[in-house]
Amino acid sequence: MSVMTRPGATTAARSRRTTSETWVARARELDWVLLGAVLVLGLLGCLLVWSATVERDDLTGGDPRAFMAKQVVNLVIGVGLMAAVAATDHRWVRILAPVGYLLAVVGLVLVLTMGTTVNGSQSWLMIGGLSLQPSELAKLAVVVGMALVVAERSEGRRDPGGSVDVVLMLCVAAAPAVLILAQPDLGTMLVLSATVFGVLAASGAHRGWLGGLAGGGVLLAAFAVMSGFLKEYQVDRFLAFTNPDLDPRGAGYNVEQARIAVGNGGLFGQGLFDGSQTRSGFVPEQHTDFVFTVAGEELGLVGAALIVALLGVVLWRALRIATRADDVFGRIAAAGIACWFGFQAFQNIGMCLGIMPVTGVPLPFVSYGGSSMFAGMLAVGLLQNIHLRTRSGPAARLRPAR
């Protein structure tokens, strides 16, 4: 005896099957090289954070896995945020961009009115038992905001990056920059400045603008030092960068201990959880800003080089996505994210090696912290979104298969 099937049930089943097939097809089109590099960096970060805190009862309260467990949660949430952005229709990404920018600015304002001061910078919002650093999310908001401004004005034209576009993009970056300077968070400001410069260059801004902004930045930095705008500890950090031996027990302590830790590692390292400097807790903020020293000491040159290589892969894929993007928004946003990740990684690793001043910026995807992880993963989600649109757009159908 045959069983009759309702037409509605058949249609619903077919619809579910089509939706499932669509999601599978989209998943196959992801940039898996980029995703793999980011996930390996995140997992390595969890191990390094665990190693840096396992002996620090003053931080963990007696639970050696406390920080590692929190970082795993941060990574899982970050992957969820990345997936959500990657799956969002590109039109909604552009519609929601101003909302994200506004929320970032509001967060920076709230930091100045009710934030918590850590290491001399009022950069944190305490929400219950959670801490949030809005300046990390502001980096992405500025990149997306600047890309949206020039895209709305320039799409359909052959000469994006005109003077009016540059002025509008600088206005977008100005509000977060002023609020970050007021905290003051010099490290984030340096990263933001390099990112803004990269976005302007990617937008096709005239060399005169780029040269003028670079020269103006140098003059502004000199004025900040000479006028006393920078706090004494910030000036001391720059002096210690030029010569750590000036004050090895004070401002130069972080740099000196970081270099010792990295030098201890040799080629293959002292072994995970066995680093002498790390076990003794000689390197301050080792699970956050100086997490690279854990890799250098315990995994050696090979492990440290692996992290640098993985970060290089992330930059390569971001720039590749930028060059292949079908629209102005995607090209500029992807290039801006590459500049952000690239300069921040260089700044963080450089201060661990003593070739850059200590400014307190995290290593993308590796350092402990939810704000940095969430911002980075949202940016990777946007890169995947741009990549998927490029792969499914008209230009992709004209491009020869790899």
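Okay, Pro184 sits in the loop between H7 and H8. For the record, helices here are DSSP runs of H or I with at least four residues, numbered from the N terminus. This is a predicted model, where local features need pLDDT of at least 70, side-chain atom pairs count only at pLDDT 80 or more, and totals for chains, interfaces and linings use all residues. Residues are numbered from 1 along each chain as its sequence is written, and side-chain values use heavy atoms, with hydrogens and water left out.

Back to the proline: the peptide bond from Gln183 to Pro184 is cis, omega near -15°.

Asp185 is in that loop too, between H7 (163-181) and H8 (186-202). Asp185 is buried, yet has no salt bridge. Buried means under 20% relative accessible area, exposed over 50%, partly exposed in between, with a 1.4 Å probe and protein chains only. A salt bridge needs a side-chain nitrogen of Lys or Arg within 4 Å of a carboxyl oxygen of Asp or Glu.

So what does the Asp185 side chain pair with in a polar contact? With the side chain of Thr188, at 2.7 Å. A polar contact here is a pair of N or O atoms within 3.5 Å; within protein, one must be able to donate a hydrogen and the other to accept it, and residues adjacent in sequence count only if both atoms are side-chain atoms.

Now two positive phi values. Phe273, in the loop between H11 (253-264) and H12 (276-280), has phi near 75°; Phe273 is partly exposed, at 25%. Phe365, between H15 (328-353) and H16 (370-392), has phi of about 70° and is buried at 4%.

Definitions and conventions: Lys, Arg positive; Asp, Glu negative; His and termini not counted.
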